[in-house]
Structures are given as structure tokens and as C-alpha cells.
Amino acid sequence: MTIRIRAAAALSGAALLAAGLTTLAPAATAAPTSNAATSTATATTATAAAATPHRVLFDNSKAETAGNADWIISTSQPDPLAQNPAPTTDKSWTGALSAWGVALQKTGQYSLKTLPAGSTITYGTGGALDLANFDTFVLPEPNIRLSASEKTAVMRFVQNGGGLFLVSDHVNSDRNNDGWDSPKIINDLLTSNGVNNNDPFGFSVDLLNITTDNPRAINDATDPVLHGPFGTVTGSILRNGTTFTLKPADNPSVKGLVYRTGSSGNTGAFFVTSTFGSGRVAVWGDSSPIDDGTGQSGNTLFNGWDDPAGTDAALALNATAWLSKA
Ligand SMILES: [Ca+2]
Ligand SMILES: [Ca+2]
Ligand SMILES: [Ca+2]
């Protein structure tokens, strides 16, 4: 079962690459039938855009490997290519998020980096790993509270067009015993950031520990995350996680895509998207779906990424693409 699903994911990646190349061909010959978004672009511009990879920075500065967590795409940081420059499977890189990273890498359209432990999240200070050098920033279950300057950096990054992918876990999931778990850390970002302290993305994290559920996607054939380049999302898995309360009065662009069984509307949302300024945001209520089941030794990991009860790979990858405006 696992091998079959991974093969399907690989085909999706190949199909995406093929689609990208197919799109490039008519643009290069200035075909007049391009869609509205590209109809005014010159062949030169289209070629340059296609050749520029989507840059994704995965955070590991907030104790993402504390306890049984292993939320890294590779032990080689910042650059996973130093571990294996041409990864073929999730085993090519070490970390419980390697499936996520390798799937993006295999498309040939992404450039991935990790912000190593001990680093500071910055925006506009000129460093190689500064957020200004990236299209999307992933915070996979942060376990250390962001500093005041880091929260402002993240908000300015999004406001100016960046993509932010937040992953929460359940309440009382303080893996490094510093008094802060991911629900608390994300809510702190949303209410004390120096840019907009009133739920800027239109949601807050519920302080719950839901033992198990298989949340289902809404029916929306035009949603770019539910129906994206990596496949169709029908649902996700929830294995000790939480949900979100939507607050459209604070930001009307907030949208619940996947809901806990029995929930809809503004309560019980398990996967949510939003926008802020010219940037985009996604948030997921559990880290279990991004766990690929293999990583550094000493961790107890479970394969949620390929769990047939959800379509977690498609959800993670489509959301990454959408956030990156890919
Ligand atoms: Ca903590
Ligand atoms: Ca969990
Ligand atoms: Ca792995």
C-alpha cells in the first residue's frame, strides 16, 4: 500500500514537471492563446519565471525536533542537497518531513532550505536565510515562542507577498518543556506581533486535544489547494491534534478547507487558508499528517503522510504550491 501511494506521488511530481514544460513551450513561441494571467507576458519573461524555482524555507529554529518530533526535511541544513543532490525517495533525506521535501525537489521547480537550530527568523536584513529570499516559510509545529522581532519579521514577510505555512499540534504538546506549545505559540503570533494583533489571518487555534478523527474536505471544485498540481484532496487525518475557529469579521479571506467530523462554518476547521496584505497563509491542526514515518533514530514516528485515511501529501504539496504562487 505504501509503495503504491508513493509511486502515485512520484507520478504527480513528474506530471507537474511535464505540465510546466508544456506551458513553457507555447509561451516561448508567443502563442496568443495563453491564459489571462500570462497573456501579456513576453516570451522572455515567461521563460525567466519558469526557470526561477519556488523557494521554500523550513524552520528548525524553534525546536522542531524536540522529543519525538523530527520535523525536518533533512539533517543537512541549511541545504538538503548536501545530503543527497538528487533524492529519489523519502529515504534519500533524513527527517520525518523528508517525503514533503523530496516530493517538491523531484519536480525540479523548488529550491529548499532549512533555517537551522540557533538561527533567528529575519526579514530584510540581508542574510542568506532571510525571509526576503524565500517565497514560502514553513513553521512545522514550532516549540519555542517567536521573539518580538521574529513575529514582526514573519508578519511583514506575509504582508509583502510571502507564503506562511503553519502547522499546529494539540494543546499540552510542549515537547521541550519551556512552557510553550504550538497552539500557544501560533496564537501568540496572531495576537502579539506588532503589525496586526487582532487575528490578522482571521482564525485562532483552539486549545484542544482531539484524539482521532478523519476530517473531510469541503466540496469546492475550484479551490486551488483542494484541487492542485499534486492531486485532489478529499481529507486528512487527525491523531492528537486540534482545530481552528474562523473569525471572518477580523479577516474575510479566511476559508476552512477541511473540517472535523460534524463541524462546518466557523468552528472545527482542521485546515484553513487565508490572505494578508499580498501574502498567503495556510494552517493545519496536527503535525501527524506531515509525519512520513521515517527519520532520525530515537524518535517514535508514524506514517501519516501516506495514511490512506487521508490525502495528506496532496494537501501539503498543493498548499505549498499555492502559498508559493507556483
Ligand atoms: Ca515548547
Ligand atoms: Ca498529532
Ligand atoms: Ca523521512
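User: Why are helices α3 and α6 called oblique to each other?

Analyst: In this predicted model, the axes of α3 (residues 98-107) and α6 (residues 312-323) cross at roughly 55° and come within 11 Å. Axes here are lines fitted to C-alpha atoms, for helices over the stretch in contact, with angles running from 0 to 180 degrees between N-to-C directions. Under 35 degrees counts as roughly parallel, over 145 as roughly antiparallel, 65 to 115 as roughly perpendicular, and the rest as oblique. So α3 and α6 are oblique. The crossing is also right-handed, meaning the near helix is turned clockwise from the far one by less than a right angle.

User: What makes a helix a helix here, and how many are there?

Analyst: Helices are DSSP runs of H or I with at least four residues, strands are runs of E with at least two, and both are numbered from the N terminus. The protein has 6 helices and 14 strands. Residues are numbered from 1 along each chain as its sequence is written, while chains are lettered from A and ligands numbered from 1 in the order in which they are written. As this is a prediction, local features need pLDDT of at least 70 and side-chain atom pairs count only at pLDDT 80 or more, but totals for chains, interfaces and linings use all residues.

User: Which residues of α3 and α6 meet?

Analyst: A99, W100, A103 and L104 in α3 meet A313, A316, L317 and T320 in α6; contact means C-beta atoms, placed from the backbone, within 7 Å. They divide into 7 nonpolar, 1 polar and no charged. Ala, Val, Leu, Ile, Met, Phe, Trp, Tyr, Cys and Pro count as nonpolar, Asp, Glu, Lys and Arg as charged, and the others, Gly among them, as polar.

User: How do you know that α3 is mostly covered?

Analyst: Count its buried residues: 10 of its 10, including W100 and K106. Buried takes 20 or more other C-beta atoms within 10 Å of a residue's own; 12 or fewer is exposed, and in between is partly exposed.

User: Why does D286 count as buried?

Analyst: D286 has 29 C-beta neighbours inside 10 Å, so it passes that cut-off. D286 lies in the loop between β14 (279-284) and α6. Among the residues D286 touches, leaving out those up to four places away in sequence, are D169 and R239.

Note on methods. Contact = placed C-beta atoms within 7 Å.
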